[in-house]
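Hi,

Here is the structure I promised to pass on. Have a look at it first, and then read on for what turned up.

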Amino acid sequence: MAQWFAAKAAAGSALVFFRMGDFFEMFHDDAEAASEALGLALTHRGEHQGRPIRMCGVPAHSHEAYLARLIRRGFRVAICEQVETPEEAKARRAPTIRREIVRIVTPGTATEEALLDAARPTWLLAVVKGGAAWLDVTTGLFFTQATTDPAGLIARLDPSEILAEEALQIENAVVCISPRDAPARLATALGVASLEGFGSFGDAEIAAAAMAVEYVRAVNNGALPRLSPPVAEGAKGVLLLDAATRRSLDILEGPRGASLLAAVDRTLTGAGARELSARLASPLDDLAAIRARHEAVAELHEDSHRRGAIRSALKGAPDMARALARISLERFFPRDLGAIRDGLQRAARLAAAMEAAAPALLAQAIAPLSALPDTAAELLRGLASELPVRLDDGSVIAAGYDGELDALRRLRDDARGAIAAMQLDLAQAWGVAALKIRHHQQLGYLAEVPAAAGEKLLRGAPPKAVGDLAPIHRQSMANAHRFTCTALANLDRRLSEAGDQAGKRERLVIAHLRQIILAEAEAIAAAAREMAAVDVLAASAELATEGAWCRPELTERPDFAIEAGRHPVVEAALRKARGPGFVPNDCDLSPGHRLCLLTGPNMAGKSTWLRQNALMVILAQAGLFLPAAAARIGLVDRLFSRVGASDDLAGGRSTFMVEMTETAAILNLAGPRSLVVLDEVGRGTATWDGLAIATAVLEALHDRIRCRTLFATHFHELTVMANRLPEMRLAAMQVREWRGEVIFQHSVAAGAAEKSWGVHVAKLAGVPSPVLKRAAAVLASLEDRSREAADPLTSEMPLFAPAYAAPENPVLDALAKLDPDKLSPREAQDALYNLKALAAGTEAL
Ligand code: ADP
Ligand code: MG
C-alpha cells in the first residue's frame with residue numbers, strides 16, 4: 001500500500017494501473033471510478049486505516065482494451081509496472097518487488113493503435129497567454145501560432161487533450177505551466193542548438209511549444225517521440241471560421257454522422273483521411289496555393305488512367321507516420337516495422353504513377369516519395385515476409401539476413417530434431433512404444449507414458465534404461481506418468497539456451513533495423529506526408545468524377561456566382577433514401593447585389609440553400625471541386641454562418657443572448673471580403689425586438705460592412721427594405737398549393753414569398769385537425785385586421801418610417817451666421833440675448 005500511495009502521489013489526477021503479477025489492479029477511489037467506467041466488479045481486500053480497501057483489476061494481457069475505454073471516457077492512466085523480478089527483490093532482501101510508473105497514458109499522447117482513430121489526428125494543444133502550440137505525437141506534426149483566440153483554435157482542431165495555464169480558465173484543460181527555460185528546452189527536444197533555423201517564433205509560441213513537449217516527455221517517463229520542426233502558422237493564409245460557424249455547418253461532425261467530411265471523403269488511407277479533415281477544418285486564403293491544388297485535382301480528374309494507378313498504389317497502404325511514432329518511442333510491434341517496409345514500397349509505386357505529371361503538386365511529390373530505395377531494400381531483406389504479432393515471438397527477422405542469428409536458430413532447431421530422435425531412443429530403451437516427449441510450461445520437456453507402462457517403470461527399469469537414460473519420475477496423473485532422464489534434461493537445457501540466444505540475437509537485429517529506420521525518420525515522415533496529400537488530391541478527383549463536380553474559378557474580385565449548386569450532405573441523404581432527387585439552385589452575390597434576403601415557409605429548403613453556399617466556400621478554398629455546374633468565387637477571408645440559435649443552457653446563456661453574442665462578433669469582425677450567412681436570426685425574442693434587430697443588422701451589413709450576405713428570414717416585413725437598400729435582392733423558395741396541400745419545389749426564385757404556409761406545414765407534421773381549423777380561423781381574422789389598418793408596421797414601428805432626419809436647430813443656424821470679428825461689444829451682447837431667446841424657444845419644441 002505504501003508503494004501504491006507513492007505511485008498515486010506521482011500520478012496526480014491519473015488513475016493508477018498497479019501491476020501485480022498477471023493483473024493491473026486499481027485501489028481506493030481509482031477502483032471505484034474504473035469499476036463504474038468499465039463495468040468491473042468492485043471487491044475488497046485488507047484494510048487501510050480501519051476501512052476495507054476497495055479494489056478492482058484487469059488482466060495484464062488484455063489491459064489495452066480497458067485502457068482504450070478509459071481514455072475515450074477522458075481518463076488519464078498511469079501505468080505502474082513491476083520493474084524487477086521476484087529473484088532480484090529477494091537478492092536485495094527487499095520485502096516487495098520494486099514498482100515504478102513507466103508511463104502515463106493520456107488522450108493526447110497515446111500511440112497504441114487501439115487508442116487511435118485512423119482517420120483523425122490526435123492533437124495535443126498547449127495554450128499560454130498570447131500563444132498556442134499543437135502537436136500530434138502519432139505523426140510528429142508540430143505547429144505554433146501567436147493567438148488571442150484559443151476558443152477558435154480549439155473549435156478548429158478539436159484537440160484530444162488541452163494543456164493550459166491556470167489563469168486562462170480553459171474548460172477541460174490540464175493545468176500546466178511552461179518551463180522557465182522554454183527556448184533551451186525546446187531546442188534540446190528538437191536536437192538543435194537554437195530554434196532560429198525553423199523560422200521566427202514569438203515568446204508565447206515558444207512557451208506553449210515547450211509546455212507541450214515537456215508534457216509529452218513527462219508522461220513518457222523522459223522519452224520523446226520523433227517530432228518534426230514546429231511550423232509557425234500565422235493567421236494569414238487561412239480562411240477564418242469561428243466556433244459557431246463550424247458548429248452550424250457540420251464540417252467534420254454532424255448529426256447521425258452526416259458531416260461534410262463524411263459526404264466528400266473518398267480517401268483510401270488513414271493518413272489521407274486525416275489530411276482531408278485538416279484541409280476542411282482550415283481552408284486556405286491564398287489564391288496561388290488553392291489554384292495549385294485545383295490544378296492537380298483537374299489533372300487527375302481528366303487522366304482517369306493515372307488516377308487509377310495512383311489509387312491502386314494507395315489502396316491498403318499502411319500508416320507509416322503512426323508506425324514511425326511507435327518505433328521512435330520503442331513502443332512498437334513487428335507490424336510497425338512491416339508498415340515502414342510496405343509503406344516505402346507503396347511510396348515508390350506512387351512516385352512511378354506520377355511520372356511526367358505537369359501540375360506542380362504532383363511533380364514535387366515524386367522525389368520525396370522515391371527517396372529511400374536503400375532503406376526499403378534493407379527492410380525487405382531483413383524482415384520476415386509473414387510477421388508475428390509480438391517482438392519476442394521469434395520470427396521477425398528473415399532467414400539469411402544475419403549469419404549469427406541463422407546459426408543460433410539452427411542450433412535451436414537441431415535441438416528440436418534431437419528431441420524427436422530421443423523420443424525413439426527412450427521408447428526403445430524403456431520398452432514403451434506409446435512414449436511421447438511433450439513440453440510443459442514449468443517442467444520443460446518430459447517423457448509421458450500411459451499409466452500401466454508408468455507403473456511398470458516405477459517398479460523397476462528395464463536393463464537398457466541405465467546411465468543417462470535411467471528414468472527419473474516427475475509426475476503421476478490419472479492415466480499417465482511423466483518421467484525425465486539426464487540425457488533429456490541436458491537436451492532440454494541446450495534447447496532453451498539456444499532459444500534464449502537466438503531470441504537475444506534477434507532482439508539485437510531488430511534494434512539495428514530500428515536504427516536504420518530512425519536514421520531516415522525525417523525522410524520517411526516526408527514520404528508519408530506526400531502520400532497523404534496525393535491521396536487527398538486523387539480522392540477529390542474521384543469525387544468530382546462520380547458526382548459531376550466542377551472546378552471553381554477563384555478571383556480576387558469579391559464575386560460569388562454559383563450555377564446549379566447542390567448541398568453535398570443533403571444530396572447524399574436524398575440519394576440514399578431513393579426518393580425525389582436534389583433540386584439544384586443558383587446563387588449570385590457578386591458586386592451590385594451582394595445581399596440576398598430569402599423568404600419561404602418552413603421546410604421549403606431555406607437552410608439547405610444557405611448552407612450549401614457556405615460549404616462551397618469551404619470546399620473551394622480547401623482545394624476541392626464543387627457540387628455545381630459552374631462556380632466563380634472571390635476569395636473569402638472570413639466565413640460566418642449563424643443559425644437561429646439553440647440554447648446554451650449549460651453555459652448559462654439563453655437562446656437570445658447566444659444569438660446576439662454571435663451577431664455581435666459578425667458585426668465586429670466581418671469585412672468586404674467576408675461571406676455572412678444568417679439563418680432566421682432574431683427569432684429567439686419577441687417579434688418586434690427580433691424584427692428591429694434583424695433590420696439594423698441588415699443595414700449594417702449592407703451599408704457599412706459591404707460583405708456578401710445570405711439572410712433567411714420568416715419576417716416577411718423585412719422584404720420592404722429592398723426598396724431602399726440598392727444591393728439587396730429578394731429571393732423566395734417556391735411553393736405550390738395543390739388541393740389544399742402544400743408542395744415544396746425546393747427551387748429558389750426572385751421575389752418575396754407570398755405567405756408563410758405555417759398552418760399547412762403544421763398539418764404535414766400531424767397536428768390534429770381541430771387545432772388546424774382553429775388556427776386557420778385565427779389567421780383569417782388577423783389578416784383581415786391587418787388589411788384594415790393602412791400600413792400597421794410603418795405607423796407602429798419607427799424603424800420603418802422614412803429615415804429619421806434631425807430637426808433643424810435655429811440656435812445653431814444663428815450661431816453659424818455670426819462673425820465675432822465684425823461685432824462691436826454692444827452687437828455681441830444683443831446677439832447673445834437673441835441666441836438665448838432662440839434657445840428658450842427651441843426647448844419648447
Ligand atoms: P427550411 O430551412 O426552409 O425550413 P430546410 O432547408 O431545413 O428548410 O429543408 C427541409 C428539407 O427539405 C430538407 O431536409 C431536405 O430534405 C429538403 N430539401 C431542402 N432543399 C432541397 C433541395 N434543393 N432539393 C431537394 N430537397 C430539398
Ligand atoms: Mg431552416
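In which hand of crossing does α15 pass α20? The crossing is left-handed, a word used when the near helix is turned anticlockwise from the far one by less than a right angle, with right-handed for clockwise. Helices here are DSSP runs (H or I, at least four residues), numbered from the N terminus.

Before going further, some housekeeping. This is a predicted model, where local features need pLDDT of at least 70 and side-chain atom pairs count only at pLDDT 80 or more, while totals for chains, interfaces and linings use all residues. Residues are numbered from 1 along each chain as its sequence is written, chains are lettered from A and ligands numbered from 1 in the order in which they are written, and side-chain values use heavy atoms, leaving out hydrogens and water.

Back to α15 (residues 360–369): its axis comes within 9 Å of that of α20, and the two cross at roughly 150 degrees. Axes are lines fitted to C-alpha atoms, for helices over the stretch in contact, and angles run from 0 to 180 degrees between N-to-C directions. The pair is therefore roughly antiparallel (over 145 degrees; under 35 is roughly parallel, 65 to 115 roughly perpendicular and the rest oblique). On the α15 side the contact (heavy atoms within 4.5 Å) involves Leu 361, Leu 362, Ala 365, Pro 368 and Leu 369, and α20 brings Ala 527, Glu 530, Met 531, Val 534 and Leu 537. By class that is 9 nonpolar, no polar and 1 charged residues. Nonpolar covers Ala, Val, Leu, Ile, Met, Phe, Trp, Tyr, Cys and Pro; charged covers Asp, Glu, Lys and Arg; the others, Gly among them, are polar.

α20 (residues 521–547) also meets α14 (residues 334–354), with axes that come within 10 Å and cross at roughly 55 degrees. That makes α14 oblique to α20, and their crossing is left-handed. Residues in this contact include Gly 343 and Arg 346 of α14 and Met 531 and Val 534 of α20. The classes here are 8 nonpolar, 1 polar and 1 charged.

Elsewhere, α6 (residues 182–190) and α7 (residues 203–219) have axes that come within 9 Å and cross at roughly 55 degrees, so they are oblique to each other. α6 passes α7 in a left-handed crossing.

Finally, the ligand. Ligand 1 has 13 residues around it (a heavy atom within 4 Å), and Val 583, Met 603, Lys 606, Ser 607 and Thr 608 come nearest. A polar side-chain atom of Ser 607 lies 2.7 Å from an oxygen atom of ligand 1, and a polar backbone atom of Gly 605 is 3.0 Å from an oxygen atom of the ligand.

Cheers

Terms used
A polar contact is a pair of N or O atoms within 3.5 Å; within protein, one must be able to donate a hydrogen and the other to accept it, and residues adjacent in sequence count only if both atoms are side-chain atoms.
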